[in-house]
Amino acid sequence: MLDVMVNNSDVADILIRALDGERLTVDDGVRLFESEDMFAIGAAANEIRGRINGKLTRYVVNRHINYTDICANRCRFCAFSRSEGGPDAYAMTVDEVVAKAASEWEQMKFTELHIVGGLHPTLPLSYYTDMLSELKRRFSSVHIQAFTAVEIAHIADMAQMSARDALVKLREAGLGSIPGGGAEVFSPRVRSIICPEKMPGSEWLDVMRTAHGLGIKSNCTMLYGHVETYRERVEHMVALRELQDETKTPPFPPLGKGGRGGCGGFMSFIPLRFHAKNTELGDLAAALSAQDHLKVYAISRLMLDNIGHIKVFWIMLGPKLAQVGLSFGADDFDGTVVEEKITHRAGATTPMGLTVPEIKRLIEETGTIAVERDTLYNEVTRNEHSGCWGEPGGCWGGISNPAPASTKLGCLPYLNVRPLVYTLERACPERRRRSGLPEGWELTYAPPSELARMLAAGEIAAAPVSSFACFLNTDLEICPDICIAADGPVRSVLLLSRVPVGRIERVALDTSSLSGAAMIRIILQEAHGLRPEFVRFRMQDPLAPIPPHADAALLIGDPAMLCPKDGLVVLDVGVEWKNLTGLPAVFAVWAGRQMTGGLISLLREAKRVGLGLLPEIAREESARLGLSYEACHEYLAEVISYDMGERERESLEVFRQKAAAHGLLEREAVRR
Ligand code: V47
Ligand code: SF4
């Protein structure tokens, strides 16, 4: 589908290069803006979004505070700022700022305070440092993202010190990171029209360069939809991209296919939609359609190949269009916000804030996975009692009923299991403590037969086990909606034969997947009329997968994917099962002797978050297995499915009946 859209587009050459990881030029960006083909551009941007951020959409539980509207600059696009002494001009005291934060603290337990204001002509440096230190004293766990680069330059000027020294003082007082505002459009032509008093774009970049050099992260923005040309938009993005390249610090984890790392100082890019009401630029506002806005997001994703996140600030875009933006390259929905004056004074009709359940619903309606983040893009875990705003009971990304104490989970080291266990492995003790997960919870790695024994002996609460093992052990309960299945080729359960299929007489069985072994017996008999002799084996030499005493061998898991297949006949068990039954092959399930609600929630949540992290998992696994990133990602994202639905349940039942009809259940039970 992506290929068809891209290849038929008038900008196919550019999109193909972007998808191949090539960096786009200013001319490319301008042509993208000129193209009418928003769907192809959006699809390409969404593909890149998927490579970098998977299906995750992040949001933050935050509170905005605008501490003063008094501003020396009076930008012509700004309806927020006031002159000192004006009728509704205000400047909060430090106590008032703290009281504002405190007013929602109990309900929200926000992780971020987002503080911006005007360039106040008299407030001294101590006002800002006192504000930060008081807020940190009251809300020590909260990250304070405050003061745009323009405000920082102003604070430094007022204190007659360099931006660097001011940043150091602000950081000492509690500054965590810097919001992306004040960038507008860097073009001097544009600035002379929309904000003639504001510092030049080069100085905005200098402040950010200094901050990043000090290890202070920031966001970056572009205010669009006024007098700027397409070229000026793209040049703005390229200037941000160049600074990001400059400030990268090793290591450089690959971003998308291009491999340019995302460790620079900019965490996210936020296109800000200009709101014209009550501004001096009212007449000059561009009449932009929804398509125009979506193109800005998509083209940002394609141009900014070294910035990890594209944020839809729903306050400015509107929640509905922001939702669509999540399919046009954006992966971050920003936050709960609570109170916002800058856009609302300029005519925004959006609500001032959204609750966590509202944000999650908006994100999940787009088919992506909502994950709470903190300002620095770490996943946030909440314990049962901490509560999200509007969500009594709180969550560990959704777990409200944690697994019972001393939960031990079994695990297999196979590629196809990774998305189910990836986040479980990473839940370090500190995070577990914060999330309310029990201290005794741990993962044990063992081969399938050992896991089956441990389950039967009650040594572990649950493990990924073959479907067939559950038929044999009727004491086991199955997690109702998680499985490892393939609806067609599976690539990792293969019968390799050195003779044509009709001449197979002896099959060596790698019984590390009981399901695969049982399925191939059923398939050979029902689909090919064969009743070969089966002998057990464990593969020793990956270069010689079929032992000398057999015609064929069943290979399971990573060895099946990696071994050479030249000159051999290959039967893919996923394909054969689909041909025989019309159903997906369900190879494994999570099972345990007592699948409590808490345990199921834990496994579901681990799957949900793991599936959102497929790019990261594929990167790690490709290095471990020596497979290409693309092959690993495709296998996890497209070949294997992890959802147990109606067809998978039907397939399990058909499998159980066939296994019984072939006498396999009794035979295995006796053998064990
Ligand atoms: O710098 C001012 C913009 C910015 C208007 O970093 C306007 O995550 C639209 O910094 N119409 C301040 N925009 C807001 C800001 C911000 C917002 C959201 C997220 C982040 C982040 C940062 O608002 C200003 C200016 O560029 N702005 N007036 C207006 N009429
Ligand atoms: Fe002042 Fe910022 Fe408004 Fe410009 S955008 S007038 S600097 S508050």
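This tour moves through the structure one selection at a time.

**Before starting**

The model is a predicted one, in which local features need pLDDT of at least 70 and side-chain atom pairs count only at pLDDT 80 or more, while totals for chains, interfaces and linings use all residues. Residues are numbered from 1 along each chain as its sequence is written, chains are lettered from A and ligands numbered from 1 in the order in which they are written, and side-chain values use heavy atoms, with hydrogens and water left out.

Colour the chain by pLDDT, the predictor's confidence in each residue, from 0 to 100. The chain has a mean pLDDT of 87, and 90% of its residues reach 70 or more. Select residues 257-262, where the pLDDT is below 50; this stretch has 24 contacts in the model beyond near neighbours in sequence, a contact being heavy atoms within 4.5 Å. Residues 384-405 also have a pLDDT below 50, with 64 such contacts. Where pLDDT is low, the predicted coordinates should not be read in detail.

**First stop: helices 2 and 4**

Helices (H or I, at least four residues) and strands (E, at least two) are DSSP runs, numbered from the N terminus. Select helix 2 (residues 12-19) and helix 4 (residues 38-53), which pack at about 0° with their axes 10 Å apart. Axes are lines fitted to C-alpha atoms, for helices over the stretch in contact, and angles run from 0 to 180 degrees between N-to-C directions. Helix 2 is therefore roughly parallel to helix 4; angles under 35 degrees count as roughly parallel, over 145 as roughly antiparallel, 65 to 115 as roughly perpendicular and the rest as oblique.

Now show side chains: Leu 15, Ala 18 and Leu 19 of helix 2 meet residues of helix 4 including Ile 41, Ala 44 and Ile 48. The contact comprises 7 nonpolar, no polar and 2 charged residues. Here Ala, Val, Leu, Ile, Met, Phe, Trp, Tyr, Cys and Pro count as nonpolar, Asp, Glu, Lys and Arg as charged, and the others, Gly among them, as polar.

**Second stop: helices 8 and 10**

Select helix 8 (residues 163-173) and helix 10 (residues 201-213), whose axes are 10 Å apart at an angle of about 50°. The two helices are therefore oblique to each other. Ala 163, Arg 164 and Leu 167 of helix 8 make the contact with Val 207, Thr 210 and Ala 211 of helix 10.

Strand 5 pairs with strand 6 (residues 266-273) over 6 bridges, and Cys 220 stands opposite Phe 269 in strand 6.

Select strand 13 (residues 477-486), which runs antiparallel to strand 19 (residues 585-592) and is joined to strand 19 by 6 bridges. Cys 483 has Val 589 of strand 19 as its bridge partner. Strand 20 (residues 641-643) is also antiparallel to strand 13, with 2 bridges; there Ala 485 stands opposite Ser 641.

Technical notes
Two strands pair if DSSP finds at least two bridges between them.
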